[in-house]
Amino acid sequence: MKEIVAFIFCLLLAVNGFAQTPLFQFGNEVALENVQIDKKIKGETLKWFQVNTENNTWKVKGDELICTGHPIGVVRSEKKYRNFIMHIEWKHMEAGGNSGTFVWSDAVPGDNRLPNGVEVQMLELDWVNLNTRNGEKPPVAYVHGELFGVGGVEVVPDNPRGKRSKSVENRCKGKGERNTYDVVCVDGTIKLSVNGKFVNGISQSSKRNGFICLESEGAEIHFRNLKIVELP
């Protein structure tokens with residue numbers, strides 16, 4: 001039954017997805033040939049579409065996109081991407097805040113309301129202190145830009161923590177402080193730079209094309225300065 005529902009959802013996306021009214025516009029896509037050192041090019045404004053949050057979950061205010069975190073779910077990009085670079089800045093506003101972005105996603109909600117794809121984790125540093133299990137804290141690596149396949153997507157982690165890949169250096173900043181991610185996605189391989197240094201990656205992703213999703217997962221988060229450069 002779940003498979004039938006998922007198939008119908010995909011079919012509706014395929015038929016109606018691009019006729020749907022965008023929920024908001026945020027960020028820019030810059031053509032590769034226009035990427036030049038010391039030259040600012042705005043590019044095409046990105047349109048984002050509702051998947052399974054609420055319209056008031058998201059608000060563009062000035063140069064920021066504000067996500068309330070409720071309900072859990074995602075919005076998706078207008079089109080699918082295979083090879084690209086994504087630059088995004090973010091900051092959590094609550095201790096232990098949870099969010100992230102999904103790449104190469106079908107943007108179809110699963111049992112936990114989140115889609116498949118490869119997740120680029122965005123957790124606030126206090127998450128490990130607020131989520132003890134049997135009296136023990138989760139590994140601190142959990143909150144510093146983990147990469148992992150979700151919804152049946154398989155990957156090979158560069159720095160294994162089980163099936164996930166952890167950053168080799170803890171570079172994320174805490175609540176109220178801005179973090180910068182640069183995510184390079186090419187033919188099933190992803191490399192993640194956190195605040196100016198490449199510290200994590202995965203390869204051999206079983207899914208290599210799909211939507212980009214922004215995640216709402218229970219806590220207010222602010223996004224800024226999103227840029228996508230599509231690669232050959």
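A: The sulfur of Cys-185 lies 13 Å from the closest cysteine sulfur, that of Cys-213, which is too far for a bond. A disulfide is here a pair of cysteine sulfur atoms within 2.5 Å, and a search of the whole structure finds 0 of them. Cys-172 is likewise in no disulfide, its nearest cysteine sulfur being that of Cys-185 at 17 Å. The model is predicted: local features need pLDDT of at least 70 and side-chain atom pairs count only at pLDDT 80 or more, while totals for chains, interfaces and linings use all residues. Residues are numbered from 1 along each chain as its sequence is written, and side-chain values use heavy atoms, with hydrogens and water left out.

Cys-185 is buried at 0% relative accessibility, and Cys-172 is buried with a relative accessible area of 8%; buried means under 20% relative accessible area, exposed over 50% and partly exposed in between (1.4 Å probe, protein chains only).

Cys-185 is among the residues that Phe-84 touches, as are Val-103, Trp-104 and Ile-212, not counting residues up to four places away in sequence; contact means heavy atoms within 4.5 Å. Phe-84 is in turn one of the residues with the most contacts inside the largest nonpolar core, which has 36 residues. Such a core is a set of buried Ala, Val, Leu, Ile, Met, Phe, Trp, Tyr and Cys residues joined through side-chain atoms within 4.5 Å.
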